[in-house]
Structure formats: C-alpha cells, structure tokens
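Morning, everyone. Here is the model I promised for today. Have a look at it, and then I'll walk you through.

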Amino acid sequence: MTNTITTVTDISHVAICDRCNEHYYADSTAVGGFLFCGRAYCPKCAPESEKSIEGYNEQHMITDRARPDERYFDFVMRIRAGNHSIVVTAPADDPMHAIVKENVAGLPEPKE
Ligand SMILES: [Zn+2]
C-alpha cells in the first residue's frame with residue numbers, strides 16, 4: 001500500500017515560458033507572448049511559434065494574448081488569476097515531488 005502525499009510549490013515570483021523554459025521575473029521588460037493550449041509562450045518564442053501554429057491552421061487554439069505593451073511577466077500573472085502554485089499529488093516515493101522541488105531550488109532568487 002502506497003501513501004499518497006501532496007506537495008505545493010509557490011512560483012508567484014516567476015513567469016516561465018512553457019516552450020523554452022526561460023524564466024522572467026518582475027524586473028523583466030520583455031513584452032508580448034500568448035497562451036496556446038494552456039501553455040504560455042514567451043516573447044522570444046512567440047513569432048516563430050505563431051508561424052508554426054498558422055501552418056497547422058490552429059490559430060483558434062491561441063486563447064489569450066498579452067495586451068499591447070503588456071510585459072510577459074504581467075501577462076502570465078494575469079492569466080494565472082492568483083493561482084501561483086504547482087501542486088503534485090502522488091505516492092510519496094513518486095520522483096515528481098523531488099523534480100519540482102529541485103526545479104524550484106534551481107530558480108534564481110527574485111531580484112530586488
Ligand atoms: Zn520561450
């Protein structure tokens with residue numbers, strides 16, 4: 001019998017691109033990005049990715065975009081709508097618990 005546990009990791013200080021994994025913090029000035037199939041694409045990935053998405057005629061699957069002049073960090077904070085947690089519910093020995101903790105430990109501290 002396996003004991004299931006839940007770990008919650010707060011990521012309210014960082015916006016992560018779901019395509020290239022780059023981290024954007026509150027002091028980032030990068031503007032743009034969009035949401036495709038529930039994944040946030042950063043301003044660096046957006047132009048090339050959008051061409052690919054258009055090639056598959058999947059533009060309708062872009063469900064939100066950064067507003068004009070909206071920074072990617074602010075865009076991601078807006079679409080999270082206050083939910084800044086990564087929640088893992090799995091058996092206690094599931095490696096995903098450690099993977100999430102290690103990723104958070106590897107995140108640079110928020111810049112002042
Ligand atoms: Zn990216």
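The order from the N terminus is β-β-β-β-β-α-β-α-β-α.

Two housekeeping points. This is a predicted model, so local features need pLDDT of at least 70, side-chain atom pairs count only at pLDDT 80 or more, and totals for chains, interfaces and linings use all residues. Residues are numbered from 1 along each chain as its sequence is written.

Now the overall picture. The C-alpha atoms fill a box of roughly 50 × 40 × 20 Å, taken along the principal axes. How much of the protein is buried? First, the cut-offs. A residue is buried if 20 or more other C-beta atoms lie within 10 Å of its own, exposed if 12 or fewer, and partly exposed in between, with C-beta atoms placed from the backbone. Buried residues make up 16% of the 112 residues.

Contacts next. Two residues are in contact if their C-beta atoms, again placed from the backbone, lie within 7 Å. Take the contacts between residues at least 6 apart in sequence: 65% of them join residues at least 24 apart.

On to the strands. Two strands pair if DSSP finds at least two bridges between them. Start with S1, residues 4-10, and S7, residues 85-91. They pair in the antiparallel sense over seven bridges. Thr-7 has Val-88 as its bridge partner in S7. Is this pair covered or in the open? S1 has seven residues and the number buried is zero, so S1 lies largely in the open. S7 also has seven residues with zero buried, so S7 lies largely in the open too.

Then there is the open sheet. Three strands form it, in the order S5-S4-S6, with antiparallel pairing. S5 and S6 (62-65) are the edge strands, each pairing on one side only. The twist averages 25° from one strand to the next. For that angle, axes are lines fitted to C-alpha atoms, for helices over the stretch in contact, and angles run from 0 to 180 degrees between N-to-C directions. S4, residues 34-36, pairs with S6 over three bridges, in the antiparallel sense. There, Leu-35 stands opposite Asp-64 in S6.

H1, residues 46-55, is hardly covered: one of its 10 residues is buried. H2, residues 72-80, has Tyr-72, Phe-73, Phe-75 and Val-76 buried. Why do these line one face of the helix? Seen down the axis of H2, the buried residues fall within an arc of 160°, so they line one face; the arc is that of the directions from the helix axis to the C-beta atoms. And what covers them? The cover includes S2 (15-16), S3 (23-24) and S5 (39-41).

Zoom in on one residue of H2, Phe-73. Phe-73 is buried, with 23 other C-beta atoms within 10 Å. Leaving out residues up to four places away in sequence, Phe-73 touches Ala-15, Tyr-24, Tyr-25, Ala-26 and Ser-28. From Phe-73 to Cys-20 is 53 residues in sequence and 15 Å in space, C-alpha to C-alpha.

Last topic: positive phi. Cys-37 is exposed, with 11 other C-beta atoms within 10 Å. Next, Asn-57 follows H1 and has a positive phi near 55°. Ala-81 has a positive phi of about 50° although it is not a glycine. With 7 C-beta neighbours inside 10 Å, Ala-81 counts as exposed.

That's the tour. Over to you.

Technical notes
Helix = DSSP H or I, 4+ residues; strand = E, 2+ residues; numbered from the N terminus.
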